[in-house]
Amino acid sequence: MRVERMDALERLRASARRVLAGLASRAFSLLMALALSCTLSVKLFHALRSDMLAQYVSWVLSDVAVLGGIEVAMALLFFVWPRRSVFRVNTAIASLVCLWSIVNAGWLVRTGTQVFPQAILPLIRDPLNVSLIVGVNLIKHPVGFLALLIPCLVCSWLLVMTIARPILPLYRTRPFLVRVLVTGCIALVALPARASITKRLPSAPGLSEMHYNSQLRAIVSLIRQGNGLTRQDLYTAERMVPGPEDVRLAGSENARSSKVVIVILEGLAYRYTSLAQPQMDTTPFLRQMASSGVEFASMRSTVTHTTKAIFAMLTGRFPSASQDVVEAIPNPRRFASLATILAGQAGYRAAFFQSAKGTFEARPSLVANLGFDLFMAREQLVDPSRYLGYLAADEFAMLPAIRNWVSAEQRPFLLVVMCSATHDPYEVPTWYGQRASDPVDRYIQTIRYTDSFIEALHGQLKELGLDQETIFCVVGDHGEAFGEHGRLGHDMIGFDEALHVPWLITGPIGVRPGTRILLPTSSIDVCPTILGMLGFATDGFDGADCLADLRKDRPVYFSCWANEGPAGFVIDNKKYVYDGVCDQVLAYDLATDPLERSACVLSDQQADAIKIQVLAWRRSTILKVPYQVDRKAMVFDEWVCRPVARDCTCKYRPQG
């Protein structure tokens with residue numbers, strides 16, 4: 001009996017070895033099939049999630065054509081030259097194609113867009129922070145993590161087997177040629193079929209890029225320049241930000257020395273506030289501010305990325321509309337900003353507090369460039385037990401340090417407070433209540449929590465007797481998308497779920513309570529508007545004083561972070577968007593279509609003119625790096641910042 005069991009086990013092992021050997025001998029074909037299956041599956045998932053199942057076939061035909069065509073070419077190459085070296089090269093290429101499909105699947109699930117080479121750059125430039133973000137997202141989605149891990153393991157096993165002990169396949173000529181012919185015909189038919197289906201069933205706004213194969217697009221983008229910003233645009237830029245000594249504003253007899261508090265909201269979309277939907281009751285304090293001050297109801301982020309938005313709001317100038325954080329590279333000259341202008345011309349002190357960790361995108365270096373006297377971040381303010389996710393912390397933990405700083409001197413001050421709970425993964429502290437499970441519900445919960453923090457901060461000023469002499473400004477850096485146009489997040493989105501943010505000001509501002517400005521405004525308007533409230537002239541900024549000289553025909557420009565991503569402008573109720581990924585211009589009438597569901601028809605001439613205008617604006621914003629990028633700098637005594645090309649990394653080195 002025991003001998004029979006041993007024989008059966010040995011036969012099973014022999015069968016398994018034969019199966020594995022058979023799989024290994026078809027390594028590159030299996031890898032290409034795995035790549036195609038992964039791509040077809042994730043696009044089906046996205047089609048179901050976006051309610052665009054009718055578009056699914058047109059989305060995947062290019063993948064069938066490209067990946068099927070690559071497999072046919074590999075098979076023919078090995079059929080003609082059946083050598084180990086050819087087999088190994090084929091398998092290595094197929095492994096790269098398969099791994100890219102797996103990365104693309106994860107990226108598509110997380111963002112609603114297909115991955116592109118530049119999306120990988122942050123991982124190379126700041127691997128620690130970006131890896132932490134990726135890890136947290138994978139842990140929170142265990143099913144998706146396993147769905148990506150299994151093909152990764154298969155891909156790795158096949159690659160190792162092929163390199164170490166390649167088992168060459170034996171093709172039978174007639175069946176092989178039939179398979180190649182059938183696969184080749186499918187690939188050749190797929191592309192014209194895709195073009196025909198796309199004309200009859202155009203994709204909804206924001207989903208046109210699903211028609212492309214991500215591998216082919218990645219290769220093409222590396223060979224030739226894309227439709228957005230190019231490397232040449234970045235390297236030949238000559239624009240520089242004026243320094244404090246370059247800007248001297250005229251004052252008026254009515255100039256005031258009011259305290260200024262600016263609360264910046266991380267990723268808070270206007271449509272989720274009580275300002276947009278009173279029935280939601282998510283931001284009762286913001287609604288109270290609107291009734292006692294002024295609301296800029298058509299406010300849009302200049303660039304949908306926090307570093308860019310902070311720069312725009314505090315300088316009144318366009319940030320570099322490029323996929324980098326060049327504004328955070330240590331600059332001994334510093335920038336002319338709200339902090340430097342008020343310090344130099346009115347004796348203000350300035351501090352920047354944030355609940356987010358300071359190492360993310362080298363925030364201390366940006367704040368130092370903006371001329372602040374003090375910077376405090378999560379690492380300095382909060383006990384680790386009060387951290388929220390990988391980035392944020394309990395906002396209320398900032399209040400004692402803010403109170404101490406505000407009370408330390410009698411001089412007027414500029415205080416900037418950056419909230420971060422509304423950033424992914426949307427967590428509130430346990431004392432606030434049980435955390436919601438659905439992502440949108442979690443997001444709404446963090447909005448309510450943040451509104452209560454803003455009320456507490458304002459209440460603290462009232463306790464100190466400062467509320468009547470403080471200009472209190474609340475403004476969003478960018479919004480957040482939850483699939484309204486099939487996309488998630490904010491970095492690759494040109495729709496208003498990522499652009500439209502709240503902006504309110506209350507205090508001694510000389511404006512009738514309850515004023516509501518409906519004309520489009522932008523992040524770059526915050527600085528000149530506050531300076532105008534303080535009695536300064538505001539000539540020379542990219543932005544405008546929105547209570548003095550706002551023009552109805554002014555184009556309000558915006559851009560996402562990615563170099564080839566959507567960018568455009570709004571004039572009154574008309575919105576124009578150029579998407580470099582699809583080389584497509586879209587136009588919307590926001591008066592009749594506020595949710596941007598149906599694009600207006602433009603002539604080819606109109607579309608070309610808008611494309612030229614948008615790209616010219618983006619190129620005009622690119623900042624030059626005017627100093628050596630290989631030197632480290634210590635800022636605020638505890639932060640070591642080091643430039644990396646057009647980006648910057650940062651480490652916290654506490655004293656003592």
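These notebook entries record what I looked up in the predicted model.

**Basis.** I worked from a predicted model, in which local features need pLDDT of at least 70, side-chain atom pairs count only at pLDDT 80 or more, and totals for chains, interfaces and linings use all residues. Residues are numbered from 1 along each chain as its sequence is written, and side-chain values use heavy atoms, with hydrogens and water left out.

**Entry 1: the whole chain.** I noted 20 helices and 21 strands in the chain; helices (H or I, at least four residues) and strands (E, at least two) are DSSP runs numbered from the N terminus. Of the 656 residues, 55% count as buried. Buried means under 20% relative accessible area, exposed means over 50%, and partly exposed lies in between (1.4 Å probe, protein chains only). The accessible surface comes to about 28100 Å², and carbon and sulfur atoms hold 60% of that surface; areas come from the Shrake-Rupley method with a 1.4 Å probe, and for residues only the protein chains shown count as cover. I then looked up contacts, meaning heavy atoms within 4.5 Å. Among those between residues at least 6 apart in sequence, 73% join residues at least 24 apart.

Entry 2: I located A218 in helix α9 (residues 214–223). A218 counts as buried because its relative accessibility is 9%. Leaving aside neighbours within four places in sequence, A218 is in contact with W100 and P117. The C-alpha atoms of A218 and W100 are 9.5 Å apart, although 118 residues separate the two along the chain. S101 belongs to helix α4 (residues 84–111). Its relative accessible area is 1%, so S101 is buried. With neighbours within four places again left aside, I found S101 in contact with A35, C38, T39 and Q215.

**Entry 3: surface patches.** Patches are made of residues with over 30% relative accessible area and no salt bridge; like charges are joined within 9 Å, and nonpolar side chains (Val, Leu, Ile, Met, Phe, Trp, Tyr) within 5 Å. A salt bridge is a side-chain nitrogen of Lys or Arg within 4 Å of a carboxyl oxygen of Asp or Glu.

L146, L149, I150, L153 and V154 make a nonpolar surface patch of about 430 Å². I placed L149 in helix α7 (residues 142–164). L149 counts as partly exposed because its relative accessibility is 31%.

K632, R642, K651 and R653 gather in a surface patch of positive charge. Lys and Arg count as positive and Asp and Glu as negative, with His and the chain ends not counted; the place of a charge is NZ of Lys, CZ of Arg, CG of Asp or CD of Glu. I found R653 in the segment after β21 (647–652). R653 has a relative accessible area of 45% and is therefore partly exposed.
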